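Hi,

Here is the structure I promised to pass on.

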Amino acid sequence: MNMVIGVLEQGFIYALLAMGVLITYRILDFPDLTVDSSFPLGAAISAVLTLNGTPPALTLPIALLAGGAAGLITGLIHVKCGVRDLLSGIITMTALYSVNLRVAGRANLPIYAGDTLFLNEWTRGFPPWLAPYSKLIIILFIVALVKIILDLFLKTKAGYLLRAVGDNPSVVAALNKDGGYVKIQGLMIANAFCALAGAVMCQHQRFFDISMGTGTLVTGLASVIIGLNMFSKLPRLKNTLAVIAGSILYKACVSAALSLGLAPTDLRLITAALFLVILILGKTRVRKVKPHA
């Protein structure tokens, strides 16, 4: 049961990251490597603010804003400076590595002393039968809130424009809208979600580490690809819910592989294998459908 709870907690936290990657990868078709640094940026801000007496819950919206600023920088480099999408993300990611070290003051910053988002006076008041699920309840509430907000946003005019930029930019131009501005807006939202995920992870693990962002884009992409390939075809299932399910399934597969005896150092190998299997299955499914189209 503890392993199941742990998988759900990790899966829901990375679902926040996956919803951000969903915007860049699926909607904008933008290979944004900023994620690998905006995730630890949120964690660093949350850790520093918590140690300085800021209520842990208040550190989350601040981290959200910081992630949006990171996405803004990437967008401006790409749109205003004319740098290619991949390179603009790499530039911001590289710069944010030093920024994260500046913010935290060192490479590893524990927050074991004092209250956190998951260990405070309110959570200590949970009844004994509910106490083991307190972290999961809080994470689930945050994920549900973000999912609802994102779903509502995608139904607005701005949300439809965001989709159009990735699918058919000429439609945006025909509407006399600035596609570059819309793309910047999407990058800001995506990286805001990634930084929020980092802040929640920091509160969950009770420490910040400069390397905690390494491979987060791969994790987010794995969650998105698994979710969209396995769940998006279900009737009336939104893509946001599909990537949340994909994140949980990805974490479950990793946990199962480690429990079977694979070393933690094999995590990247597990991720690559999952990527390959899902992509092959997705292509096989497309081939089977096309002859009947």
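**Fold and largest pocket**

Among contacts in the protein chain (heavy atoms within 4.5 Å) between residues at least 6 apart in sequence, 77% join residues at least 24 apart. This is a predicted model, in which local features need pLDDT of at least 70 and side-chain atom pairs count only at pLDDT 80 or more, while totals for chains, interfaces and linings use all residues. Residues are numbered from 1 along each chain as its sequence is written, and side-chain values use heavy atoms, with hydrogens and water left out.

The protein chain has 12 helices and two strands (DSSP runs, H or I of at least four residues for helices and E of at least two for strands, numbered from the N terminus). In order from the N terminus, the elements read α-α-α-α-β-α-α-α-α-α-β-α-α-α. Of the 293 residues, 48% count as buried (under 20% relative accessible area, 1.4 Å probe, protein chains only).

Now to the largest pocket, which holds about 440 Å³ of space. A pocket here is an open set of points on a 1 Å grid over the protein atoms alone, where a 1.4 Å probe fits, with protein on both sides within 12 Å along at least five of seven lines; lining residues have an atom within 4 Å of a point. The lining has 23 residues, and the closest to the pocket centre are Tyr14, Thr214, Thr219, Lys251 and Leu267. H11 (239-259) gives the most to this lining, with five residues.

Best wishes

Conventions
Grid points are joined across faces, edges and corners, and a volume is the space filled by probe spheres set on the points. Buried means under 20% relative accessible area, exposed over 50%, partly exposed in between (1.4 Å probe, protein chains only).
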